[in-house]
Amino acid sequence: MLRGAAVRLLRGGGGGAGTPRVASGTAAAQLRRRLENELEDIRGAGTWKSERIIASRQGPHLRLDGGGAGILNFCANNYLGLSSHPEVIRAAVEALEKFGAGLSSVRFICGTQSIHKDLEEKIARFHQREDAILYASCFDANAGIFEALLTPEDAVLSDELNHASIIDGIRLCKANKYRYKHMDMQDLEAKLQDAQKHRLRLVATDGAFSMDGDIAPLKEICQLAQKYDALVFIDECHATGFLGPNGRGTDELLGVMDKVTIINSTLGKALGGAAGGYTTGPKPLIDLLRQRSRPYLFSNSLPPAVVGCASKALDLLMESNAIAQSMAAKTQRFRSKMTAAGFTISGKDHPICPVMLGDARLAAVMAEDMLNRGIYVIGFSYPVVPKGKARIRVQISAVHSDEDIDRCVEAFTEVGRKHEALP
Ligand code: PLP
């Protein structure tokens with residue numbers, strides 16, 4: 001006999017439009033209870049992540065939903081301010097009009113347009129590599145590469161603080177796994193010695209680490225890789241477009257462009273901020289990824305508007321290094337003024353400027369108080385960062401004015417004194 005929700009389901013009823021359907025049955029009820037308990041645990045642990053709703057474009061000045069206009073934004077990965085750049089927006093609109101909303105297809109069936117090939121060519125040229133392949137995100141690029149490239153005969157050596165997507169990508173492959181201590185070259189060397197028994201060794205590291213704003217010692221990593229006959233892979237999500245004299249990334253900054261074999265990066269941060277990721281490197285590797293990489297083979301093509309944004313962002317960067325340089329000057333201003341005010345800023349020369357506070361509650365209340373003063377910053381605490389190392393992460397953008405930066409430093413100084421984080 002059909003009863004209750006099941007009857008409504010079959011009749012297409014179950015409440016008017018907008019009324020959610022609630023699955024019935026013991027299993028569904030058990031699941032709901034379990035999920036509610038789990039959510040309660042997260043709240044209880046103080047690690048609940050809530051989302052503020054922005055009612056304007058991404059940029060240095062925001063309007064928050066339900067009030068709050070003119071909020072100064074210091075927590076986007078919009079390093080070059082291209083997310084709302086007029087030329088980037090125009091390029092997206094033109095691509096949308098000419099090539100449509102989307103491809104309704106993966107690349108190898110009928111999802112490749114001329115703009116996808118042009119963008120791949122442009123990415124390879126930007127990084128001075130042989131070829132490039134696009135993904136829906138860098139998370140996907142990281143999920144796809146290790147499994148396609150490495151077999152049980154090979155080894156991968158990964159920095160312990162690598163991004164979650166690298167960790168997940170490595171989990172998916174069958175290579176022998178080594179995890180070396182964060183940026184510890186002695187430990188990497190010991191692991192490379194141990195890994196000599198394998199056919200191929202791949203050292204995998206973030207170029208710049210997003211929680212600490214520190215930059216991988218790529219020169220030393222490349223020297224070790226040469227000594228122990230290993231390849232080097234870098235994730236350049238927090239470097240592409242702005243690190244190095246021409247914004248090519250960590251490898252340019254540290255003078256090892258010809259020593260790093262594989263680069264994965266995102267189009268969703270400095271390069272227009274829409275979405276998308278890529279791998280760039282040797283042509284046979286890119287050819288293999290087109291044949292074997294599962295997130296590429298089994299996921300939709302990048303939408304034309306998104307391709308248009310990234311393509312224009314790369315044009316702007318290849319025309320001039322002025323934007324990347326202006327971001328470096330703003331970063332320097334913030335770091336030196338905050339240090340002079342008495343704060344400890346982790347990392348060096350990177351627009352990710354973690355203001356180290358230690359205590360999780362202090363980071364949370366200070367971030368809230370900063371917002372009360374019109375400055376949007378985010379506090380990070382355990383488990384996102386180690387216990388006792390809570391911080392407020394500030395991210396500088398090329399489109400912050402000197403006045404914006406000074407206002408942020410002043411607010412930090414006031415709030416820091418109020419909460420006794422400063423003398
Ligand atoms: N790698 C690093 C280091 C990141 O910070 C991120 C984004 O947070 C990703 C990969 C994933 O990039 P995407 O947003 O393109 O998936």
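**Notebook: rings, a helix crossing and a buried leucine**

I started with charges over rings: the charged end of Arg43 sits over the ring of Trp48, 4.2 Å from its centre. My criterion was NZ of Lys or CZ of Arg within 6 Å of the ring centre and within 35 degrees of the ring normal. I also looked up Lys387, whose charged end sits over the ring of Tyr382, 4.4 Å from its centre.

I note that this is a predicted model, where local features need pLDDT of at least 70, side-chain atom pairs count only at pLDDT 80 or more, and totals for chains, interfaces and linings use all residues. Residues are numbered from 1 along each chain as its sequence is written, and side-chain values use heavy atoms, with hydrogens and water left out.

**Aromatic pairs**

I paired rings of Phe, Tyr and Trp (its six-membered ring) with centres within 6.5 Å; planes under 30 degrees apart count as stacked, over 60 as edge-to-face and the rest as tilted. That gave four aromatic pairs. One of them is Tyr79 with Phe242, tilted, at 4.4 Å centre to centre and 40° between the planes. Tyr79 lies in the loop between β2 (71-73) and α3 (86-99) and Phe242 in the loop between β9 (231-235) and α10 (250-253), so this pair ties together parts 163 residues apart in sequence. I took helices (H or I, at least four residues) and strands (E, at least two) as DSSP runs, numbered from the N terminus. Tyr79 and Phe242 are both buried. Buried means under 20% relative accessible area, exposed over 50%, partly exposed in between (1.4 Å probe, protein chains only).

Next I checked Tyr135 and Tyr296, which pair edge-to-face at 6.0 Å centre to centre, with 70° between the planes. Tyr135 lies in strand β3 (residues 131-135) and Tyr296 in helix α12 (residues 294-297), so the pair links parts that are 161 residues apart in sequence. Tyr135 is buried, as is Tyr296.

**Helices α6 and α11**

I found the axes of α6 (residues 138-149) and α11 (residues 283-292) coming within 10 Å and crossing at roughly 100°. I call α6 and α11 roughly perpendicular (65 to 115 degrees). Gly144, Ile145, Ala148 and Leu149 of α6 meet Leu285, Leu288, Leu289 and Arg292 of α11; contact means heavy atoms within 4.5 Å.

**Leu317**

I placed Leu317 in helix α13 (residues 304-319). At 3% relative accessibility, Leu317 counts as buried. Leaving out residues up to four places away in sequence, Leu317 touches Leu80, Phe126, Gly241, Arg248 and Leu271.

Technical notes
Axes fitted to C-alpha atoms, helices over the stretch in contact; angles between N-to-C directions. Parallel < 35°, antiparallel > 145°, perpendicular 65-115°, else oblique.
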